[in-house]
Amino acid sequence: MPLYQGRPVSLFGTGIYMPEHVLTNHDLEKMVDTSDAWIKERTGISERRIAARDELTSDLALKASIEALRDASIPPEAIDMVLVATNTPDSIFPGVAPKVQGMLDASRAGACDIQSGCTSSVYALAMAASGIASGIWDNVLVIGAEVLSRLVNWKDRNTCVLFGDGAGAAVLGASRDGKNRVIASSLRSDGTKHNLITFLGGLVQYPATHDTIDAGLHHIQMKGNEVFKFANRTLPSFLEDFCRDVDCPVDKIDWWVFHQANWRIIEGVLKRMDVPLEKTIVNLDKYGNTSSASVFVALHEGLQSGKIKRGDLVLTVSFGSGMTYGAILFEV
Ligand code: UT7
């Protein structure tokens, strides 16, 4: 059963940091053979944020964390674990999480990165909730942060129009009153499709050489249309099964917070499940696909705008490289 047992877990606060620089579709028209109309029609994206040259993933993560801790009214020393969902760490080691833990002076906390494609966000939230429910942690800082712009091939129109940089954070903790609890999660993977979204260069399989650079292995490569089909085919039945297993009828869910990859995927999945499109938070028009950061940012903006209200049932869903996918259901 994907239902959480043990101590109730609550969402105490959220925060985001989006880099200042805006790259519009019209800017991209000057860089590759594309058009604002094509990008909007095929993805829903109008613009995305790009980190400054001196900004690292850990810098974005830190800024989002400070806002989330303030929102939660929890000091860094009360954090037991820092989990950072990212596919674009500053370096393979050290991870982003220990750097953020150090910069925050969260002196009692452990720290680790979680990397599982864009679903890292949901994986990290689910792991944080599990640790709190079991009693080993009281408060966990969960962050999704990406600087994808450094891994994108800016000459490849198949990928460069999609991605953006950004960070979001959430503080989860042992519930103070038993209300507003994380209810259930399901984490899945179909590793037979591991070749659909890749970044292969510079590590064990392909140590960095001039040849790996020439072969484009130091950039994101994606079979976009196959990913599109995977998401549309896999997510509706996965989500319907999940709702049935946790005894939460689809129409009881107030908000669907999807990974912000492509509006046509969100629309297609919701239509297949007969869910009104007004029940989803969409911000991919202004941020593009920020991978592990996207659901944190959408959740934060949904709460800040007043759309998502305390007590609402929220289902957060993601999918990505691996191919991994997952969902977490909670009452905010
Ligand atoms: O977070 C990770 C998960 N990733 C995703 O969710 C990505 C999922 N996939 C998608 O969002 C879509 O598949 C894309 C937006 C990437 C592509 O849309 P599509 O409708 O699947 O297009 P396509 O790949 O089938 O390509 C259709 C045409 C091709 O031209 P031809 O062969 O028909 O002449 C492409 O070369 O569109 C062309 N194309 C472009 N044209 C203008 C591909 N990229 C561009 C572009 N501008 N940027």
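Which residues do ring pairs link into a cluster? In this predicted model, ring pairs join Phe 230, Phe 238, Phe 242 and Tyr 325 into a cluster.

**View 1. The aromatic cluster around Phe 230 and Tyr 325.** Four aromatic pairs are found in the structure. One of them is the edge-to-face pair of Phe 230 and Tyr 325, whose centres lie 5.9 Å apart, with 70 degrees between the planes. This pair links distant parts of the chain: Phe 230 belongs to helix 8 (residues 224–245) and Tyr 325 to strand 13 (residues 324–331), 95 residues apart. Phe 230 and Tyr 325 are both buried.

**View 2. The stacked pair of Trp 256 and Phe 258.** The rings of Trp 256 and Phe 258 lie 6.4 Å apart, centre to centre, and their planes form an angle of 20 degrees. Trp 256 has a relative accessible area of 0% and is buried. Phe 258 is likewise buried, at 1% relative accessibility.

**View 3. Arg 176 over the ring of Phe 12.** Arg 176 is placed over the face of Phe 12, at a distance of 3.9 Å from the ring centre.

**View 4. The salt bridge between Asp 33 and Arg 157.** Eleven salt bridges are found in a search of the whole structure. Among them is the contact between the side chains of Asp 33 and Arg 157, with an N to O distance of 3.7 Å. Asp 33 lies in the loop between helix 1 (25–29) and helix 2 (36–43), whereas Arg 157 is in helix 6 (residues 157–160), so the bridge ties together parts that are 124 residues apart in sequence. Asp 33 is exposed, at 63% relative accessibility, while Arg 157 is partly exposed, at 46%.

**View 5. The salt bridge between Asp 36 and Lys 40 within helix 2.** The side chains of Lys 40 and Asp 36 form a salt bridge of 3.0 Å, N to O. About one helical turn separates Lys 40 and Asp 36, because these residues are four residues apart in helix 2. Lys 40 is partly exposed, with a relative accessible area of 40%. Asp 36, by contrast, counts as buried at 12% relative accessibility, because the limit for a buried residue is under 20%.

**View 6. The salt bridge between Asp 190 and Lys 193.** The side chains of Asp 190 and Lys 193 meet at 2.9 Å, N to O. Lys 193 is partly exposed, with a relative accessible area of 31%.

**View 7. A network of salt bridges.** Salt bridges link Asp 241, Arg 244 and Asp 245 in a network.

Methods. Residues numbered from 1 in each chain as written. Predicted model: local features only at pLDDT ≥ 70, side-chain atom pairs only at ≥ 80, totals over all residues. Heavy atoms only, no water. Phe/Tyr/Trp six-rings, centres within 6.5 Å; stacked < 30°, edge-to-face > 60°. Helix = DSSP H or I, 4+ residues; strand = E, 2+ residues; numbered from the N terminus. Buried < 20%, exposed > 50% of the residue type's maximum accessible area, 1.4 Å probe, protein only. Lys NZ or Arg CZ within 6 Å of the ring centre and 35° of its normal. Salt bridge = Lys/Arg side-chain N within 4 Å of Asp/Glu carboxyl O.
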